[in-house]
Amino acid sequence: MKKENISPQSLLTAWENKNLVTRVLKKAHVYRSYSEYEDLFHEGLITYARLLDRFKEKSLTEINKLAYKKIFWKINDELRKEQRRAELFLPIENQDFELEEELSREDWLVLANELGQLTEIEMVIFREHFIEKCALKTLASNYNFSLRTLSRKKRELIIRMKAKLKKC
């Protein structure tokens, strides 16, 4: 990848028109509360400055139209990369729902009652992941769920079951 120098004038112009980048971030549903907001904002500014350097002969209005689209796709690409990275390192995958001690009769009744109230996706996780030890990735492809959804539901199920068993 060749290193591309950006002129100071282009950076200054990009900074003066930073509202364009913030509008793109808003359209991409990236808000200030997001931990990577500043990084994406700066990535947008750099993309804008590069376009200013590349298309010096065009008017600022034409460049802004092009920049809006380019920045939007650049931000979406970065968000997708971050999502893929997060899905690769899901810590939930290796957790198991194991009981630390023997269950009393009351605990078994509470557990049986709770199992009757599980949603379809929770029942799949309980039966095929916890009992049959099937990997979440396999379940995601078999049942057409996202891995992120299954991991979140698994975490919620573990918390709910542990809370119910501790109440007894």
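**Note on aromatic pairs and helix packing**

1. At 14% relative accessibility, phenylalanine 72 counts as buried; the label stands for under 20% relative accessible area, with exposed meaning over 50% and partly exposed the range in between (1.4 Å probe, protein chains only). The model is predicted, so local features need pLDDT of at least 70 and side-chain atom pairs count only at pLDDT 80 or more, while totals for chains, interfaces and linings use all residues. Residues are numbered from 1 along each chain as its sequence is written, and side-chain values use heavy atoms, with hydrogens and water left out.

2. The protein has eight helices and zero strands, and from the N terminus its elements run α-α-α-α-α-α-α-α. Helices (H or I, at least four residues) and strands (E, at least two) are DSSP runs, numbered from the N terminus. Of the 168 residues in the protein, 33% are buried.

3. How many aromatic pairs are there? Rings of Phe, Tyr and Trp (its six-membered ring) pair if their centres lie within 6.5 Å; planes under 30 degrees apart count as stacked, over 60 as edge-to-face and the rest as tilted. By this rule there are three aromatic pairs. One of them joins tyrosine 37 and phenylalanine 41, which are stacked at 6.5 Å centre to centre with 10° between the planes.

4. Both tyrosine 37 and phenylalanine 41 belong to helix α3 (residues 37–54), where they are four residues apart, about one turn of the helix. Tyrosine 37 counts as buried, at 6% relative accessibility, and phenylalanine 41 is also buried, at 8%. A further aromatic pair, phenylalanine 72 with tryptophan 73, is edge-to-face: 5.5 Å centre to centre and 80° between the planes. Trp15, Tyr37 and Phe41 make up one aromatic cluster.

5. Lysine 27 lies over the face of phenylalanine 72, at 4.6 Å from the ring centre. The charged end of lysine 58 is placed over the ring of phenylalanine 55, 5.0 Å from its centre.

6. Helix α1 (residues 8–16) has Ser10, Thr13 and Ala14 buried. These residues are on the same side of α1 because they cover an arc of only 100° around the axis, the arc being that of the directions from the helix axis to the C-beta atoms. The face of α1 turned away from its buried side carries the exposed residues Pro8, Gln9 and Glu16.

7. In α2, the buried residues are Leu20, Val21, Val24 and Leu25. Their arc of only 140° around the axis puts them on the same side of α2. Asn19 and Lys26 are exposed on the other side of α2. Just after α2, histidine 29 has a positive phi of about 60°.

8. How is α3 packed against α1 and α2? Helix α2 (residues 18–27) packs with α3 at an angle of about 125°, their axes 9 Å apart; for α1 and α3 the angle is about 125° and the axes are 8 Å apart. Axes are lines fitted to C-alpha atoms, for helices over the stretch in contact, and angles run from 0 to 180 degrees between N-to-C directions. α2 and α3 are therefore oblique to each other, as are α1 and α3; angles under 35 degrees count as roughly parallel, over 145 as roughly antiparallel, 65 to 115 as roughly perpendicular and the rest as oblique.

Notes: Lys NZ or Arg CZ within 6 Å of the ring centre and 35° of its normal.
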